[in-house]
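Take a moment with the sequence and the 3D structure before reading on.

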Amino acid sequence: YFRLYEKLSGMTGTAMTEAQEFMEIYKLDVVEIPTNVPIQRKDHNDYIFRSKREKYNAVVEKVRELCNIGQPVLVGTTSVEESEILSKLLKAAKISHNVLNAKQHQREAEIVARAGQKSAITISTNMAGRGTDIKLGSEVQKLGGLFILGTGRHESRRIDLQLRGRSGRQGDFGETIFYLSLEDDLMR
């Protein structure tokens, strides 16, 4: 279908990771354009845990720590099942949160709109929340911006970059980190 058009263009923040594929399949170059405003986001190194249990416990503790200071956090999961496991753990820890996955598609815009507010905790799968910027509350910049906590790496690095890119937009502050376990499918 692409070849029905004389000229093609598109824009995404993660195309460079697939530049070779765009050339091989579509004979299209990928050109990187600098960001409008310099990125101020801090991308931390991955933390690796021995087991999923240790990883999930660390996620709950990190979310509690961020909630206590008021910094909003988006927990990115690799599956709907994992988002539901984390939701149960946060409920057990009495930590209020929203879940954004394929089961909540009708409330997606509402959940995304609140995800950048002070003390907001949102659990999301990789498919959820795309196409909508997470607007930060007025106090959130001083608290460090939106914190992204990925609970696993995807087979496609592009999906991880999409999650990371939810924070630190248009020069906003933000932080990202991935918590991994030696029991994760990709690690095994």
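Predicted model: local features only at pLDDT ≥ 70, side-chain atom pairs only at ≥ 80, totals over all residues.

**Charged pairs**

Side chains of opposite charge can pair when their charged atoms come close. How many salt bridges does the count come to? The count comes to 12 salt bridges. Three of them are set out here.

| Salt bridge | Closest N and O atoms |
|---|---|
| Glu 54 and Arg 50 | 3.0 Å apart |
| Asp 185 and Arg 188 | 3.3 Å apart |
| Lys 55 and Glu 82 | 3.5 Å apart |

Look at where these residues sit. Start with Glu 54 and its partner Arg 50. Glu 54 has a relative accessibility of 29%, so it counts as partly exposed. Arg 50 reaches 62%, so it counts as exposed. The cut-off for exposed is over 50%.

Now take Asp 185 and Arg 188, which also form a salt bridge. Both Asp 185 and Arg 188 are exposed. Some salt bridges share partners: Arg 41, Asp 43 and Arg 164 are joined into one network in this way.

Is the pair of Lys 55 and Glu 82 buried or exposed? Lys 55 has a relative accessible area of 1%, so it is buried. Glu 82 is at 6%, so it counts as buried too. Buried means under 20% relative accessible area. The closest N and O atoms of Lys 55 and Glu 82 are 3.5 Å apart. This pair links distant parts of the chain. Lys 55 belongs to helix α2, which covers residues 52-69, and Glu 82 belongs to helix α3, which covers residues 80-92. The two residues are 27 residues apart.

**Two helices that pack**

Two packed helices are described by the angle between their axes and the distance between the axes. What is the angle between α2 and α3? They pack at about 60°, and their axes are 10 Å apart. Because of that angle, α2 is oblique to α3. The crossing of α2 and α3 is right-handed.

Which residues make the contact of α2 with α3? From α2 come Lys 55, Tyr 56, Val 59, Val 60 and Val 63. From α3 come Glu 82, Ile 85, Leu 86, Leu 89 and Leu 90. By type, this contact holds 8 nonpolar residues, 2 charged residues and no polar ones. Find Lys 55 and Glu 82 in the list: they are also the salt-bridge pair.

**Backbone details**

Most residues other than glycine have a negative phi, and most peptide bonds are trans. Lys 94 is not a glycine, yet its phi is positive, at about 60°. Where does Lys 94 lie? Lys 94 is in the loop between α3 and β4, a strand at 98-100. Its relative accessible area is 75%, so Lys 94 is exposed.

Ser 119 also has a positive phi without being a glycine, at about 65°. Ser 119 lies in the loop between α4 (108-114) and β5 (121-125). With a relative accessible area of 29%, Ser 119 is partly exposed.

Finish in strand β4, where Val 99 lies. Val 99 has a relative accessible area of 15%, so it is buried. Now find Met 16, which is 83 residues from Val 99 along the chain. How far apart are the C-alpha atoms of Val 99 and Met 16? They are separated by 30 Å.

How values were computed
Residues numbered from 1 in each chain as written. Heavy atoms only, no water. Salt bridge = Lys/Arg side-chain N within 4 Å of Asp/Glu carboxyl O. Buried < 20%, exposed > 50% of the residue type's maximum accessible area, 1.4 Å probe, protein only. Helix = DSSP H or I, 4+ residues; strand = E, 2+ residues; numbered from the N terminus. Axes fitted to C-alpha atoms, helices over the stretch in contact; angles between N-to-C directions. Parallel < 35°, antiparallel > 145°, perpendicular 65-115°, else oblique. Left-handed = near helix turned anticlockwise from the far one by under 90°. Contact = heavy atoms within 4.5 Å. Nonpolar A, V, L, I, M, F, W, Y, C, P; charged D, E, K, R; others polar.
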